[in-house]
Amino acid sequence: MDTAEQRVIGPGAATERVDPRHWRVLLVWLQAAFRAPDLATGAALVARVAAAAERLGAVPDVTLRPDHVQVRTTTWSVRGLTEVDLALAEAVSAAADELGLVGDPALLTSQEIAIDALDIPRVAPFWRAVLGYEPEPGSDPDDPALADPGALGPGYWFQQMDAPRPQRNRIHVDVTVPHDQAEARVAAALAAGGTLLSDRRAPAFWVLADPEGNEACVCTWQARGDG
């Protein structure tokens with residue numbers, strides 16, 4: 001990969017360049033979901049994704065379900081999106097159009113579980129062991145983000161505490177959604193009995209709580225200073 005291909009492309013610039021019918025930025029990923037009428041048609045798209053990835057040198061995650069296919073791509077060597085990922089997105093969109101598959105961004109989500117810790121280097125090895133997870137490529141060894149080696153489970157990360165907080169939960173869930181789905185997701189959570197604790201950092205994230213005070217954040221790439 002040459003220097004131009006390794007340049008990280010911010011989420012705003014990436015969003016402007018990909019097909020809006022299909023692709024959204026979630027965390028460090030470009031993700032798309034395509035509805036398929038049957039497993040065989042979905043598998044045909046998967047085969048085309050694999051061929052394009054081989055040609056471009058991309059390493060996407062691909063999930064085949066009976067009624068849809070999800071594709072996500074990033075460049076781990078720079079922990080972000082590059083020209084390779086955008087080229088793959090273009091190729092996959094073209095393949096989906098040839099197969100008559102429709103994108104459904106509402107299916108997209110990326111979940112993380114955040115664990116508050118006073119001593120992250122001491123706590124993180126326990127969670128790595130009990131989950132069977134591995135550090136994400138390029139993450140800080142003393143403050144790792146943990147990922148499922150099978151790319152199916154949610155990610156885990158550690159939030160530094162400066163003092164014990166026994167009066168509140170020390171684990172919360174981060175749900176990253178497409179930027180144009182976030183307000184609807186927040187509204188649905190509030191309608192289901194949730195409480196808005198803070199929207200001060202929206203649209204980067206909204207802090208919500210369930211009726212018993214358990215917290216979750218609805219997150220997007222926006223307003224994070226790297227657009």
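Rings of Phe, Tyr and Trp (its six-membered ring) pair if their centres lie within 6.5 Å; planes under 30 degrees apart count as stacked, over 60 as edge-to-face and the rest as tilted. By this rule, there are five aromatic pairs. The model is predicted, so to speak of local features requires pLDDT of at least 70 and side-chain atom pairs pLDDT 80 or more, while totals for chains, interfaces and linings use all residues. Residues are numbered from 1 along each chain as its sequence is written, and side-chain values use heavy atoms, without hydrogens or water.

**View A. Trp-23 meets Phe-34 edge-to-face.** The ring centres are 6.4 Å apart and the planes stand at 75°.

**View B. Trp-127 and Tyr-156 form a stacked pair.** Here the centres lie 6.0 Å apart, with the planes at 25°. The pair links helix 5 (residues 120-131) to strand 9 (residues 155-160), 29 residues apart. Tyr-156 is buried, at 11% relative accessible area. Ring pairs join Phe-126, Trp-127, Tyr-133 and Tyr-156 into a cluster.

**View C. Arg-72 places its charged end over the ring of Trp-29.** The distance to the ring centre is 3.7 Å (the rule asks for NZ of Lys or CZ of Arg within 6 Å of the ring centre and within 35 degrees of the ring normal).

How values were computed
Helices (H or I, at least four residues) and strands (E, at least two) are DSSP runs, numbered from the N terminus. Buried means under 20% relative accessible area, exposed over 50%, partly exposed in between (1.4 Å probe, protein chains only).
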